[in-house]
Amino acid sequence: MQASMSCRPKWGICKMNQDLIQYLLRLGDSALIQGQRLCEWCGRAPALEEELALMNVGLDLVGQARNWLEYAAELANDGRDADHLAFRRDERAYRNLLLVEQPNGDFAVTVLKQFFYDAWHLAVLEGLTHSSDSRLQGIAAKAVKEVTYHLRRSSEWVERLGDGTEESHQRMLAAIPQLWRFTVELSDSDAVEQRLHAAGLIGDPQQIAAAWQQQVERTFDSATLPLPAPACHFYLSGRQGLHSEHLGLLLAEMQFLPRAYPDATW
Amino acid sequence: MQPGDLIASDLGARAAAPGDLDQAWQVLGRVMDPEVPVVSVVELGIVRALAWDAGHLHVVVTPTYSGCPATEVIEADIRQALEDAGFRAPQLERQLHPAWTTDWITSTGRERLLAYGIAPPLGSANKRSLLGDNGSVNCPQCGSAHTELLSQFGSTACKALYRCCDCREPFDYFKCI
């Protein structure tokens, strides 16, 4: 309330700031939740090398989430820091993609989820490296190198499993319908993103959607996997904080310690 | 007086002065990376700049990877080493841009990585090298070019795991990024 009142004289700039904060939460929350899901594999991955890889990808994402959420906290300037945003917000205040909050399932689901996310993530970050905002540009230029590597790994896994054994192919076939409907959010945009793009702050949502579609088509083709028809909108929306039932449970575990023991330190 | 001022005076070290930038670089040249303890933070390119600002040393550092868990440890080590050498309350600034690249690892740093058993990054960082199109990684033990990738991530995010097909030793490769 206070923030909106103090913004009144410069409403245009303030509105853009509100849009940017929303967008930073989307980026940060998606990276954080995807990272948290990867952490669930700790001690349970199919092989030691895979465990190291899953944890390292998760670590990159949590680090990126911190960079985005720190910036969001600075812009909001309401006394909350990045930790507060991560550990004290409820499900409805989270703005992550529906895709990343989905349970890990078997290794095929985990790999496919990572691939869908990476293909979107890389296109988003490449757009941000041309942002007119130097802070966005700086964080993205760092993350884009890490995510190029993530996508290389996850797309190779999709090919290896899709074009692998009869068992691995069947597992991938079963994973696609479990995740596909959530990909609708990877190829659409809303007014917030369109305004930010018009202001030169983020990449073109249509180009991001096209890049995602091309990457998925290419990888599915070499993985001998059938490409479903584009996903349709349904009643949930991560952008608006309308999540599937899985996010609340994830947050309950992730946020337990700081909520049960406020201000605990190492 | 700032909190760090007392620490430096308690140590009895000579207080550093604005002309001591070379000494500061030497001190930081002895601060080793906690994950790869043979390479200093200067050789890794983590320390970007040193300057005097209002009577204190200003240190610009950059993290290697966004999620590198050693970032805080490295910053604490840098602060400690400088205070021990008489630099009172050094001011650390974390800078993300330009993004850290393995191109900043010095030639001495690369030699030390190799001697420690970690294959240094091949060539310079670009999109092709990120996609793995950067030639063969030689075994740091026997020098053979006959090696294979075991996993794209090794013991830390900055390394990949390889195996030598001749001497059979597994080894870390410091990825080009």
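## Two strands side by side

In this predicted model, B:Leu50 sits across from B:Val59, a residue of strand 2 of chain B. Strands here are DSSP runs of E with at least two residues, helices are runs of H or I with at least four, and both are numbered from the N terminus. Strand 1 and strand 2 (residues 56–61) of chain B run antiparallel, joined by six bridges. Two strands count as paired if DSSP finds at least two bridges between them.

## The three-stranded sheet

These strands belong to an open sheet of three in chain B, with the order 1-2-3 and mixed pairing. Strand 1 (47–53) and strand 3 (91–94) of chain B are its edges, each pairing on one side only. Helix 3 (residues 71–84) of chain B packs on this sheet and touches strand 1, strand 2 and strand 3 of chain B. Touching means contact, with heavy atoms within 4.5 Å.

## The four-stranded sheet

Chain B also has an open sheet of four strands, ordered 4-7-6-5, again with mixed pairing. Its edge strands are strand 4 (118–119) and strand 5 (147–151) of chain B. Strand 6 (residues 159–164) and strand 7 (residues 170–174) of chain B pair antiparallel over five bridges. B:Leu161 faces B:Asp172 of strand 7 there.

Chain A has a mean pLDDT (the predictor's confidence in each residue, from 0 to 100) of 94, and 95% of its residues reach 70 or more. Residues 1–9 of chain A stay under 50.

Local features need pLDDT of at least 70 and side-chain atom pairs 80 or more, while totals for chains, interfaces and linings use all residues; side-chain values use heavy atoms, without hydrogens or water. Residues are numbered from 1 along each chain as its sequence is written, with chains lettered from A and ligands numbered from 1 in the order in which they are written.

Key
Axes fitted to C-alpha atoms, helices over the stretch in contact; angles between N-to-C directions.
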